[in-house]
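Please open the model in a viewer and keep the selection tool at hand.

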Amino acid sequence: MPTSPDKITFRQLNKSFTVNGNRKQILRNINFEVQSGEFICLLGSSGCGKSTILNLISGLDQDYSGEISIDGLPRTKSRAHLSYLFQEPRLLPWLTVEKNIHFALEAAKVPMNEWVERTAHYLGMVNLPGCEKHYIHQLSGGMQHRVSIARAFSVNPDILLMDEPFGALDELTARDIRRNLLQLWQEDRKTVIFVTHNTLEATYLADRIFMMSSNPGTIDEVAPVEIGRPREYESDELFMLNKQMMKRFVQVTGQLV
């Protein structure tokens with residue numbers, strides 16, 4: 001039987017830009033495939049080009065050489081629906097929680113008769129039932145990130161891009177939100193590309209980890225996370241694998257984590 005194409009493919013991808021008349025290479029010879037429904041973490045230190053890869057997938061950055069394809073089609077011809085979560089929740093403060101989600105549903109052309117049900121479902125999945133009428137300033141930082149995750153999943157994206165969305169949160173809050181994220185992902189099995197510099201976060205979340213070095217950014221190693229789900233932070237298995245990943249990450253980047 002023929003196999004379906006990979007969800008995302010990079011072939012000999014190079015990215016540079018000019019600063020003060022000098023050409024600087026950001027990414028060099030990036031090659032990878034991501035299968036449909038995979039949870040991939042891009043793990044690297046600041047400045048290695050992790051966020052640039054997300055911008056190239058999303059189409060926000062179209063200045064590169066090489067090939068990017070989605071569902072077997074060139075990126076420019078793909079009609080895949082993407083959601084993008086940034087480091088800040090980027091919610092609209094003049095709207096309530098439900099209106100923020102409705103705004104995204106309207107932009108995605110979801111029929112209006114589905115809005116209430118979708119909003120309630122995804123807010124429930126991130127443990128925010130009953131918060132529909134709250135304004136953004138009435139929520140904690142962690143709650144705002146939960147709303148942004150609910151909003152991203154509510155539009156039923158083909159691909160979810162996440163750029164260190166929990167980096168500003170304390171570790172206990174981040175752990176709780178990561179659990180919510182995995183619950184949503186395991187329900188819908190969207191293709192996720194998640195940027196982080198936190199080895200524990202990557203080991204807890206990912207199916208595979210793409211370890212990156214910098215100057216210019218390259219993918220030095222692809223490490224499968226071969227432990228079952230659900231994963232527990234307190235498990236010896238996760239602790240030992242994270243220890244191995246951290247050791248290897250230090251070797252790849254030449255930096256302390």
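A helix axis is here a line fitted to C-alpha atoms over the stretch in contact, and an angle between two axes runs from 0 to 180 degrees between their N-to-C directions. The model on the screen is predicted.

**The whole chain**

Begin with everything displayed as a cartoon. The protein chain has 7 helices and 10 strands. Its radius of gyration is 19 Å, close to the 18 Å that the globule rule gives for 257 residues, so the chain is as compact as a globular protein of that length. Along the principal axes, the C-alpha atoms fill a box of roughly 50 × 50 × 45 Å.

**The sheet of 6 strands**

Strands of a sheet pair through backbone hydrogen bonds, either parallel or antiparallel. In which order do the 6 strands of the open sheet lie? The order is β6-β7-β8-β3-β9-β10, and the pairing is mixed. Select residues 82-85 for β6 and 218-224 for β10; these are the edge strands, each of which pairs on one side only. From one strand to the next, the twist averages 15 degrees.

Now select helix α5, residues 171-188. This helix packs on the sheet, where it touches β3 (39-43), β7 (159-163) and β8 (191-196). The direction of α5 makes about 140 degrees with that of β3.

Select β9, residues 208-213, together with β10. The two strands pair in the antiparallel sense over 6 bridges. F210 has V222 in β10 as its bridge partner, and M212 has I219 in β10 as its partner.

Next, show the backbone between the strands. The hairpin has 4 residues there, and N215 takes a positive phi near 60 degrees. N215 is joined to P216 by a cis peptide bond with omega of about -10 degrees. P216 is placed in the loop between β9 and β10.

P230 is in the loop between β10 and α7 (236-253).

**The sheet of 4 strands**

Turn to the open sheet with the order β2-β1-β4-β5, in which the pairing is antiparallel. The edge strands are β2 (22-34) and β5, and each pairs on one side only.

Select β4 and β5, which pair in the antiparallel sense over 2 bridges. I70 stands opposite L73 in β5. Phi of D71 is near 55 degrees, a positive value in a residue other than glycine.

**Helices α2 and α3**

The axes of α2 and α3 come within 10 Å and cross at roughly 120 degrees. That angle makes α2 oblique to α3. The crossing of α2 past α3 is right-handed.

Show the side chains at the contact. On the α2 side, select V97, E98, I101, H102, L105 and E106; on the α3 side, select W115, V116, R118, T119 and L123. The residues of this contact divide into 6 nonpolar, 2 polar and 3 charged.

**Helices α3 and α5**

Keep α3 on display and bring back α5. The axes of α3 and α5 come within 9 Å and cross at roughly 130 degrees, which makes α3 oblique to α5. H121, Y122 and M125 of α3 make the contact with N180, Q183, L184, E187 and D188 of α5. By class, this contact has 3 nonpolar, 3 polar and 2 charged residues.

**Helices α4 and α5**

For the last stop, keep α5 and select α4, residues 141-154. Are α4 and α5 roughly parallel or roughly antiparallel to each other? Their axes come within 10 Å and cross at roughly 10 degrees. Angles under 35 degrees count as roughly parallel, and α4 and α5 are therefore roughly parallel to each other. α4 passes α5 in a right-handed crossing.

Select G142, H145, R146, I149 and F153 of α4, which make the contact with T173, D176, I177, N180, L181, L184, W185 and D188 of α5. Here the classes are 6 nonpolar, 4 polar and 3 charged residues.

Key. Residues are numbered from 1 along each chain as its sequence is written. This is a predicted model: local features need pLDDT of at least 70, side-chain atom pairs count only at pLDDT 80 or more; totals for chains, interfaces and linings use all residues. Side-chain values use heavy atoms; hydrogens and water are left out. Angles under 35 degrees count as roughly parallel, over 145 as roughly antiparallel, 65 to 115 as roughly perpendicular and the rest as oblique. A crossing is left-handed if the near helix is turned anticlockwise from the far one by less than a right angle, and right-handed if clockwise. Contact means heavy atoms within 4.5 Å. Ala, Val, Leu, Ile, Met, Phe, Trp, Tyr, Cys and Pro count as nonpolar, Asp, Glu, Lys and Arg as charged, and the others, Gly among them, as polar. Two strands pair if DSSP finds at least two bridges between them. The radius of gyration is taken over C-alpha atoms; the globule rule is 2.2 Å times the number of residues to the power 0.38.
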